[in-house]
2 protein chains.
Amino acid sequence: MTTHALDLATALDGDPAGPERRARTSDAYWTFIGPFGGISAATALRAVLEHPEREGDPLALTVNFCAPIARGEFAVRLRRSRGNRSSQHWSVEFTQGESAEAVLTASVITAARRDSFSHQRVDTPEMPAWESLAPAPNPSSLSWVSQYEFRFAEGKLVLSDTPPEPPRSSRSLLWLRDAPSRPLDFLSLTAMSDAFFGRLFQVIGRVPPFGTVSMTTYFHAGADELLAHGSAPLAAVADARVFHRSFGDQTAELYGRGGQLLATAVQVAYFRA
Amino acid sequence: MTTHALDLATALDGDPAGPERRARTSDAYWTFIGPFGGISAATALRAVLEHPEREGDPLALTVNFCAPIARGEFAVRLRRSRGNRSSQHWSVEFTQGESAEAVLTASVITAARRDSFSHQRVDTPEMPAWESLAPAPNPSSLSWVSQYEFRFAEGKLVLSDTPPEPPRSSRSLLWLRDAPSRPLDFLSLTAMSDAFFGRLFQVIGRVPPFGTVSMTTYFHAGADELLAHGSAPLAAVADARVFHRSFGDQTAELYGRGGQLLATAVQVAYFRA
């Protein structure tokens, strides 16, 4: 069995219990001027998940993209800020070369998920079945895009020579899956929570300078529920609420089998337009 | 002129340029077993804003509530993880007593907000004017609640002896203002982004053990725009998407004059129900 590109791209060297590990960027998940943010986020999470003292499932992950990560190696520093009976707080920092300044900082919360009152307020919006939609052709030369199969029911990226007036909707509704497919876990779910084209591109019909500054992903299911999901595609909704003074937001919801909400994410991104 | 309770509650001693400052919990903003999270978040942000090397306006703030903060003093450690030409990344940590373990960790991003393409996708939902709604009576003995004036158009907390079936809506639509009123700034906006009763209380009609674990607030306006808002009430929408296996989420949008979206927030909270 071949190792999936996602597992290769998020691999870490060094002692999982140690204060510093090493990882490297992946050409397979490359974007404009650095690695695909979803892979950096998954790498930070993986450092936590592999730590022998980690307990519980990931609950919340915030990743701050401080500076572009250059192609090559980086150091991953891990620290547990707090451990309680039911949750743990972890801090992760990536540095590169001789500089002490971080290129990425992250906080990860893991927690024991016990049975409780359960109530989901939102459902996957109605959309055609995966099988009935055509895969979107890779619309760009960015390598990360070809690591996913996207099947859009709504809000496919359309570029135009003149700015659409009024601006187009920022909402996309789609099926999303690793390509080739891979059983779902917290690493792939993390990466997929960032696997949406900048909402701004869709709204203005072009791709200006753009970069995610910070992303927060919440996980709403336990490891056993992701395992039960298997390698089926996820239904996803991505949208935005505002673009103003060089920054815009993005929201995402990822749904698994039976419409279970597995993860939600928000991000704020810089743009020059 | 009397100093507003919010300014007293978020005050920090010590050198604003130093690596460690001191602050204390406020009895005026107290909740179940610790300080109101919105005030802790605003205190973390204030440490960054007062630092002489801070540049730009707050863009994103993530606060992780690692452990209950005991009544009294705490140390506030501040570190700049990265500074670029257009943005800065700050890490904040609260510790208490002799323990090196954090009771709170936060990351704050500040950024220069330049004029750009501007487009707001969402509007304040229709609701009656502030003047036409009655202030909600303080529904509990929690002191933080009386620091705000809430005027609900929809989704006022209603407790009941038997669990509502089906569960009630988690959505609230309301006007929100400091009481007494105070000109809006990033500190009060931060605190208000957490000033919503646990969505779960509304859904199940009672108040079980509950606590916010992590909150992320994005700011969508510059300091000059908040200044222009003055001390008028904010229109707010709070909702949730899922409660499952001991944790649930919360989303909030805060709108200013003319329906401008000033801030959005998400949080994940623990509950036992």
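Let's start at a loop: Gly259(A) sits between strand S12 (247-255) and strand S13 (261-271) of chain A, where strands (E, at least two residues) and helices (H or I, at least four) are DSSP runs numbered from the N terminus. This is a predicted model, so local features need pLDDT of at least 70 and side-chain atom pairs count only at pLDDT 80 or more, while totals for chains, interfaces and linings use all residues. Residues are numbered from 1 along each chain as its sequence is written, chains are lettered from A and ligands numbered from 1 in the order in which they are written, and side-chain values use heavy atoms, with hydrogens and water left out.

Although Gly259(A) belongs to a loop, its relative accessibility of 17% makes it buried; buried means under 20% relative accessible area, exposed over 50%, and partly exposed in between, using a 1.4 Å probe and protein chains only. Apart from neighbours within four places in sequence, Gly259(A) is in contact with Gln120(A) and Thr124(A), contact being heavy atoms within 4.5 Å. Pro180(A) is 79 residues from Gly259(A) along the chain, and 23 Å separate their C-alpha atoms.

Now have a look at helix H2 of chain A, residues 37-50. Its 14 residues reach 20 Å from first C-alpha to last, close to the expected 20 Å, where the expected span is 1.5 Å times one less than the number of residues. H2(A) is mostly covered, with 13 of its 14 residues buried.

Where does that helix lead us? The largest nonpolar core has 60 residues, and those touching the most other members are Val92(A), Phe94(A), Trp144(A), Tyr148(A), Phe150(A), Leu176(A) and Leu189(A). H2(A) gives the most to this core, with eight residues. Such a core is a set of buried Ala, Val, Leu, Ile, Met, Phe, Trp, Tyr and Cys residues joined through side-chain atoms within 4.5 Å. A second, separate core of 59 residues includes Leu142(B), Leu187(B), Leu189(B) and Leu262(B). Back in chain A, Tyr148(A) touches, among others beyond four places in sequence, Tyr29(A), Phe36(A), Leu176(A) and Met192(A).

In chain B, helix H3 (residues 186-192) holds Ser188(B). This serine, Ser188(B), is buried at 0% relative accessibility, and its contacts beyond four places in sequence are Leu6(B), Asp178(B), Arg182(B) and Pro183(B).

What about disulfides, pairs of cysteine sulfur atoms within 2.5 Å? The structure holds zero of them over all chains. The sulfur of Cys66(A) has its closest cysteine sulfur in Cys66(B), 18 Å away and so too far for a bond. Cys66(A) is buried, at a relative accessible area of 3%, and Cys66(B) is likewise buried, at 3%.

At their interface, 67 residues of chain A are in contact with 67 of chain B. Because 100% of the interface residues of chain A are also interface residues in chain B, the copies meet through the same surface. Together they bury about 5900 Å², 52% of it on carbon and sulfur atoms; this is the accessible area (1.4 Å probe) that two parts lose on being put together, summed over both. On the chain A side, Arg121(A), Arg241(A) and Arg245(A) lose the most area to chain B, together 15% of what that side buries.

Definitions and conventions
A disulfide is a pair of cysteine sulfur atoms within 2.5 Å.
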